[in-house]
Amino acid sequence: MQENHRILSNNAVVGIVNRGEAAVRFIRAVREYNALHATNLRTVAFYIDAEEDALFVQEADRSVALSSLPLFASGSGSPYLNKPLLLEGLLGSGCNAAWVGWGFVSEDAEFIEMLEEAGLVFLGPDSRAMALLGDKIAAKDLAESASVPILPWSRGPVTTLDEARAFSEKIGYPVIVKASNAGGGRGIRFVHTAADLETQYRSAQEETRRITGNDIVFIEQLVVTGRHLEVQTITDRHG
């Protein structure tokens, strides 16, 4: 928010496209920011009916039930993933900006582009950066173009079992089948031998399809005894 306060007015309204702990943390951060910088940023929380008494709903400056919006359709999946509904809520409640936290649409470049086209400020990277780094295949291509060493991989999506077999043999077992645009360890399967490949490949595709709506996966070498080191980056429209 340190950079984005230069874009938003001191009394801007920020819509929270998240729930629970994530939303509570942001609401409290906004209050602290207002106290430190003499601003009057306000928050709008969106919620489903079952969350009416939730802490984040009570803590926000204003709360809007997603079921009250014209585009709401009962039984059509999670409202927190319904991008047209979320955009309708943001615009209808007078929001100037949106904060998405983690999960849900936090890595959805299409949603960020929708916000940009509607003239809303997204508190985070622009849609182009989101699309580039949210897609693991595109991110690996970017890393290679920047001469960053990476593990041997399929160098693109693997769309058939025959391709999966060929790439796995070329890379050498064990390998990992990984969803291109899922997160949180989902859409990932370890394959230790050729006999395991078909089951694990199809399982990874199935989970990826369920989570993301597509079944795009790739294959790379599995590091069995390595440590997981994660690098966090903070990016906004200023760089």
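In this predicted model, strand β6, which spans residues 175-179, is mostly covered, with 5 of its 5 residues buried. The side chains of the strand are divided between two directions: V175, V177 and A179 point one way, while I176 and K178 point the other way, and all of them are buried.

Turning to the surface, L132, L133 and L142 form a nonpolar patch whose accessible area comes to about 230 Å² together. One of these residues, L142, lies in helix α6, which covers residues 136-145. L142 counts as partly exposed because its relative accessibility is 35%, a value between the limits of 20% for buried and 50% for exposed.

R19 is placed in the loop between β1 (13-16) and α1 (20-37), and because its relative accessibility is 35%, R19 counts as partly exposed. Not counting residues up to four places away in sequence, R19 touches E51, F56, Y80 and F104. R19 and Y33 are 14 residues apart in sequence, and their C-alpha atoms are 20 Å apart in space.

Notes. Residues are numbered from 1 along each chain as its sequence is written. This is a predicted model: local features need pLDDT of at least 70, side-chain atom pairs count only at pLDDT 80 or more; totals for chains, interfaces and linings use all residues. Side-chain values use heavy atoms; hydrogens and water are left out. Buried means under 20% relative accessible area, exposed over 50%, partly exposed in between (1.4 Å probe, protein chains only). Helices (H or I, at least four residues) and strands (E, at least two) are DSSP runs, numbered from the N terminus. Patches are made of residues with over 30% relative accessible area and no salt bridge: like charges are joined within 9 Å, nonpolar side chains (Val, Leu, Ile, Met, Phe, Trp, Tyr) within 5 Å. Accessible areas come from the Shrake-Rupley method with a 1.4 Å probe; for residues, only the protein chains shown count as cover. A salt bridge is a side-chain nitrogen of Lys or Arg within 4 Å of a carboxyl oxygen of Asp or Glu. Contact means heavy atoms within 4.5 Å.
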